[in-house]
Amino acid sequence: MTLSTYSHAAAGALLLVSLTAFAQQAPDGVIHFIGAVVEDACTVENSQTHVAFSCYRDGKFNRQTLAVNHMNEVSLKAANATAQLKWLDNAHRLGVLQVDYQ
């Protein structure tokens, strides 16, 4: 065997040991959360043509109504959030409304 062959064999063995150690890590654990949710999520009311968001922010309720056909991605003034309507069919009868809070 040449020196190059030994170095390749050693690198392969090191890689195998590394992967084995990685695979033996525990599949469970505990995540600790520190903080608080200080404002509730917005309530959403929808119809065939409009979506209304009612949000509690800074001690008062704010309401914002948007047309369904203009909801590709919008900023919600009533909350520190964005909303996006993703259609699941070509007829725009079934969709998913995703609200992302900042």
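The model is predicted, so local features are taken only where pLDDT is at least 70 and side-chain atom pairs only at pLDDT 80 or more, while totals for chains, interfaces and linings use all residues. Numbering starts from 1 along each chain as its sequence is written, and side-chain values rest on heavy atoms, with hydrogens and water left out.

## Overall fold

The protein has one helix and six strands, where helices (H or I, at least four residues) and strands (E, at least two) are DSSP runs numbered from the N terminus. Along the sequence, the pattern reads α-β-β-β-β-β-β. Of the 102 residues, 17% count as buried; buried means under 20% relative accessible area, exposed over 50%, and partly exposed in between, with a 1.4 Å probe and protein chains only. Contacts here are heavy atoms within 4.5 Å. Among the contacts with a separation of 6 or more, 9% come from residues 24 or more positions apart.

Strand 1 and strand 2 form a hairpin, with three residues between them. Four bridges join this antiparallel pair, and Asn-46 has Val-51 in strand 2 as its bridge partner. Strand 2 and strand 3, also antiparallel, are joined by eight bridges. In that pairing, Cys-55 stands opposite Asn-62 of strand 3.

Another open sheet of three strands has the order 4-5-6, and its pairing is antiparallel. Strand 4 and strand 6 each have a single partner strand, so one side of each is left without a neighbour in the sheet. The twist here averages 30° from one strand to the next. Three bridges connect strand 4 with strand 5, and the bridge partner of Val-74 in strand 5 is Ala-83.

## The nonpolar core

Which residues have the most contacts inside the largest nonpolar core? They are Phe-53, Cys-55, Leu-66, Met-71, Val-74, Leu-76 and Ala-83, in a core of 14 residues. Strand 2, strand 4 (74-76) and strand 5 (81-87) each supply at least two residues of this core. Such a core is a set of buried Ala, Val, Leu, Ile, Met, Phe, Trp, Tyr and Cys residues joined through side-chain atoms within 4.5 Å. In soluble globular proteins, nonpolar side chains tend to be buried together.

Leaving out residues up to four places away in sequence, Cys-55 touches Cys-42, Lys-60, Phe-61, Asn-62, Ala-78 and Ala-79. Gln-64, a residue of strand 3, is in contact with Val-51, Ala-52, Phe-53, Ser-75, Leu-76, Lys-77 and Ala-78, again setting aside neighbours within four places.

## Side-chain links

One salt bridge is counted in the model, the rule being a side-chain nitrogen of Lys or Arg within 4 Å of a carboxyl oxygen of Asp or Glu. Its partners are Arg-63 and Glu-45, at 3.6 Å from N to O. Arg-63 lies in strand 3 (residues 60-67) and Glu-45 in strand 1 (residues 43-46), so the pair ties together parts that are 18 residues apart in sequence.

Arg-63 also makes a polar contact of 3.1 Å with the side chain of Ser-54. A polar contact is a pair of N or O atoms within 3.5 Å; within protein, one must be able to donate a hydrogen and the other to accept it, and residues adjacent in sequence count only if both atoms are side-chain atoms. Ser-54 belongs to strand 2 (residues 50-57).

Asp-89 sits in the loop between strand 5 and strand 6 (95-101), and its side chain reaches the backbone nitrogen of His-92 at 3.2 Å.

| Residue | Relative accessible area | Class |
|---|---|---|
| Arg-63 | 51% | exposed |
| Glu-45 | 45% | partly exposed |
| Asp-89 | 25% | partly exposed |
| Ser-54 | 15% | buried |
| Gln-64 | 11% | buried |

Conventions
Two strands pair if DSSP finds at least two bridges between them. Axes are lines fitted to C-alpha atoms, for helices over the stretch in contact, and angles run from 0 to 180 degrees between N-to-C directions.
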